[in-house]
Amino acid sequence: MTDVLIVDDEVLIRTGLRAIIDAEPDFAVVGEAGDGAEVLPLVRSLRPDVVMMDVRMPAVDGIQATRSILATVPDPPRILVITTFENDDYVYEALRAGASGFLLKRARPEEIIQALRTISLSDSLLFPAAIRGLAAQHATRSADRVARARLTEREGEVLELMAKGLSNAEIAAELVVSVETVKTHVGNILAKLQARDRTQAVIAAYESGFVSPS
């Protein structure tokens, strides 16, 4: 069972998301919040696996709330940003702050559930083309980050395939190695880049120019 906390200042959005999520046998909504200021104590008490976080809220926005969770909560939940607009600086900053992906509020129910499954498994990148589009607007922020990480040639290949959205199994097939070997490479990449998950690693790759968003 995957426990989900919904954070959005619109009651209708929270109600709709709860109905969609609770209809799935392997998901459960364990709580709701109307602002980022309410999130931290709820995360500490409810221990959700995933937080669906609105990026724009009146008091504390999703970026600040994401940073607070990741900075203070041991073994923090995955954070899925929900937003009205895809090409939003707030969304990109939330991803840089540590969110694992984002989802448009107009997404269909099946897309919402698939996004939650992808985020909770963290085995592939959620909506890689959309992240690539955002990265194209924010390239070269940290040009030497990947260079400083001193990735091996094989780790570089794995990072490039991660950026394309391939899962560990798909990367293994592409490189003709075992899935366990890919997992080891992914772990090494995250450690060297000091990235929480593959989303942050891919953003670092785009921002450094190691992978081109074009």
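A salt bridge here is a side-chain nitrogen of Lys or Arg within 4 Å of a carboxyl oxygen of Asp or Glu. With that rule, E155 pairs up with K192, the closest N and O atoms being 2.8 Å apart. E155 sits in helix 8 (residues 153-163) and K192 in helix 10, so the bridge ties together parts that are 37 residues apart in sequence. Helices (H or I, at least four residues) and strands (E, at least two) are DSSP runs, numbered from the N terminus.

Some ground rules apply. The model is a predicted one, so local features need pLDDT of at least 70 and side-chain atom pairs count only at pLDDT 80 or more, whereas totals for chains, interfaces and linings use all residues. Residues are numbered from 1 along each chain as its sequence is written, and side-chain values use heavy atoms, with hydrogens and water left out.

Across the whole structure, the search turns up 16 salt bridges. One of them joins the side chains of R18 and E32 at 2.6 Å, N to O. R18 belongs to helix 1 (residues 11-22) and E32 to strand 2 (residues 27-33), so this pair links parts 14 residues apart in sequence. R18 is partly exposed at 28% relative accessible area, and E32 is partly exposed at 29%. Another bridge runs between the side chains of R108 and E110, at 2.9 Å, N to O; R108 counts as partly exposed, with 46% relative accessibility.

Next comes the domain picture. The chain splits into domain 1 (2-120) and domain 2 (141-208), with bounds taken from an automatic or database domain assignment. Their C-alpha centres lie 25 Å apart. Eleven residues of domain 1 are in contact (heavy atoms within 4.5 Å) with seven residues of domain 2. Together the two domains bury about 800 Å², 36% of it on carbon and sulfur atoms. Buried area is the accessible area (1.4 Å probe) that two parts lose on being put together, summed over both. On the domain 1 side, R78, Y92 and R96 supply 49% of the area buried against domain 2, more than any other three residues.

Two salt bridges are counted between the domains. R78 turns up again in a salt bridge, its side chain meeting that of D197 at 3.0 Å, N to O.

Finally, N168 is worth a look. N168 is placed in helix 9 and is buried, with a relative accessible area of 7%. Its side chain makes a polar contact of 3.0 Å with that of R198. Beyond its neighbours within four places in sequence, N168 is in contact with D123, V179, V182, K183, V186 and R198. S178, in the loop between helix 9 (168-175) and helix 10 (179-193), is partly exposed at 37% relative accessibility.

Methods: Buried means under 20% relative accessible area, exposed over 50%, partly exposed in between (1.4 Å probe, protein chains only). A polar contact is a pair of N or O atoms within 3.5 Å; within protein, one must be able to donate a hydrogen and the other to accept it, and residues adjacent in sequence count only if both atoms are side-chain atoms.
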